[in-house]
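Here is a briefing on one structure, arranged by topic. The sequence and the coordinates come first, and the notes follow.

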Amino acid sequence: MNGSKTLTYTESALAQAERIRKQERVRILALETSCDETAASIVENGRTIVSNVVFSQIDLHALYGGVVPEIASRAHVEACDRVIDEALKEAGMDLQDADALAVTHGPGLVGALLTGVSCMKGLSYAANKPLIAVNHIEGHVSANYISNPELTPPFVCLVVSGGHSHIVRVNDYGDYTLLGQTTDDAAGEAFDKAARVLTLPYPGGPRIDALAEAGDPHFMQLPHPHTPGRYDYSFSGMKTAFLNAANKMEMMGTALPKADMAASFRYAVVSALVEKAILAARETEAPALAMAGGVSANRLLRRMMQEEADKAGIPLYMPKLNLCTDNAAMIASAAYYRLMKGEIAPLTLNATPALRLV
Ligand code: KG4
Ligand code: ZN
């Protein structure tokens, strides 16, 4: 007996994490499967993309007008290995070259999340690499660290996706205070529902955005919502008014002026988003403002927020367009800062569909 013992996976992961944190170069391989994108990416030091592969399932779901959870899970199972292989190939790396692995464990569709979590737990155990569990929303916020190397906390961030509309204060990496949130629909969800009224294919947000470019934003006035909190949002009133107006026109036999309606709806949602985000940033004296999530790809949102941030003298940051919607690079970035704090996931890690950021 020489006193040495075989380390368990967890002991080995913790020891490796300690060592990795002191390394000059840390490369993390991340997998994202929370909704309808199967994505894998390798990011260096939380800021530089080495490779980024996104397999979109949109074509599989478009037929049904929205994401079908069972189809999403099956498609993730089939695509996981392929996107990981592609990401490694694109980076010119082997699995062993990655310092750590990361995976989204929530929020999202339970079956979709489970495929990713199971895949990465298996891979971590087989390759004996530390695994980092990442909150999808934290991933969206972290996309800003990749597109804006100079951005560091603290800042205020507007997070607007298909499932979330939050204003958060990013106090530090992984440390958030909730300033406001939607009381009903998320902004992306509202865009998708309005698009359905205009019979535009799924996903509706980008379609409304494109159509709106040629329309009159003042064609119709939609209600400006009252909300309980100063920085809260509400989109259901706008959505109902929009639907009622469309029904009325159809009953009168009027063809829907789709571009004007899209422009009016986009203007109503974006004005609310910009107003509250700027208010929150000003009143909390934020040194900077950032945006994140699928809806932050919206052209009007990007233009209006830039104008208002300039007027308020607040530096504005946003992710590049391809990092606004779901991807795994943002997950690898968030994972880096978790790893730097020594946060390693156990092999008992499970999917948490309703995981919260704060
Ligand atoms: O962040 P994301 O890719 O997935 C979630 O985490 O939900 O966001 C998807 C949402 C969808 O509702 C989609 O319609 C919306 O973002 N979206 C947009 C635009 N691009 C994506 N909404 C408005 N304008 C866009 N250009
Ligand atoms: Zn997302």
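In this predicted model, the zinc ion (ligand 2) is held by H136 through NE2, H140 through NE2 and D326 through OD, at 2.0 to 2.1 Å. Donors here are N, O and S atoms within 2.8 Å of the metal (3.2 Å for Na, K and Ca), and water is not among the atoms, so sites may look incomplete. Residues are numbered from 1 along each chain as its sequence is written, and chains are lettered from A and ligands numbered from 1 in the order in which they are written. Local features need pLDDT of at least 70 and side-chain atom pairs count only at pLDDT 80 or more, while totals for chains, interfaces and linings use all residues; side-chain values use heavy atoms, with hydrogens and water left out.

**Zinc site**

- The spacing of the donor residues along the sequence is H-x3-H-x185-D.
- H136 and H140 both belong to helix α5 (residues 136–147) and sit 4 residues apart, about one turn of the helix. Helices (H or I, at least four residues) and strands (E, at least two) are DSSP runs, numbered from the N terminus.
- An α-helix has 3.6 residues a turn, so residues three or four places apart point the same way.
- Are H136 and H140 buried or exposed? Both are buried, where buried means under 20% relative accessible area, exposed over 50% and partly exposed in between (1.4 Å probe, protein chains only).

**Domains**

- The domain assignment divides the protein chain into domain 1 (9–143 + 325–339) and domain 2 (153–317); such bounds come from an automatic or database domain assignment.
- The contact draws on 16 residues of domain 1 and 15 residues of domain 2, contact meaning heavy atoms within 4.5 Å.
- The C-alpha centres of domain 1 and domain 2 are 28 Å apart.
- Between them, domain 1 and domain 2 bury about 1200 Å², 70% of it on carbon and sulfur atoms. Buried area is the accessible area (1.4 Å probe) that two parts lose on being put together, summed over both.
- On the domain 1 side, I137, H140 and V141 lose the most area to domain 2, together 38% of what that side buries. H140 is also one of the zinc donors.

**Helix α9 and its ends**

- Helix α9 (residues 258–283) has 26 residues and spans 37 Å from its first C-alpha to its last, close to the 38 Å expected at 1.5 Å a residue. The expected span is 1.5 Å times one less than the number of residues.
- M252 is in the loop between α8 (236–251) and α9. M252 counts as exposed because its relative accessible area is 65%.
- M252 and T33 are 219 residues apart in sequence and 45 Å apart in space, C-alpha to C-alpha.
- After α9 comes E285, with a positive phi near 50°. E285 lies in the loop between α9 and β9 (289–292) and is exposed, at 70% relative accessibility.

**The loop between β2 and β3**

- N45 lies in the loop between β2 (37–44) and β3 (48–56). Its phi is near 50°, a positive value in a residue other than glycine.
- N45 is partly exposed, at 23% relative accessibility.
- R47 is placed in the loop between β2 and β3 too; at 16% relative accessibility, R47 is buried.
- Leaving out residues up to four places away in sequence, R47 touches Y145, I146, N148, P149, L151, T152, Y173 and Y337.
- R47 and N144 are 97 residues apart along the chain, with their C-alpha atoms separated by 9.0 Å.

**Cis peptide bonds**

- Most residues other than glycine have a negative phi, and most peptide bonds are trans.
- The bond from G106 to P107 is cis, with omega near -10°. P107 is in the loop between β4 (100–106) and α4 (110–127).
- The bond joining Y202 and P203 is cis, with omega about -5°. P203 is in the loop between α6 (187–197) and α7 (204–212).

**Cysteines**

- How many disulfides are there? The count is 0, a disulfide being a pair of cysteine sulfur atoms within 2.5 Å.
- The closest cysteine sulfur to that of C80 is in C119, at 4.3 Å, too far for a bond. C80 is buried, at 3% relative accessibility.
- For C35 the closest cysteine sulfur is in C80, 14 Å away and too far for a bond. C35 is partly exposed, with a relative accessible area of 25%.
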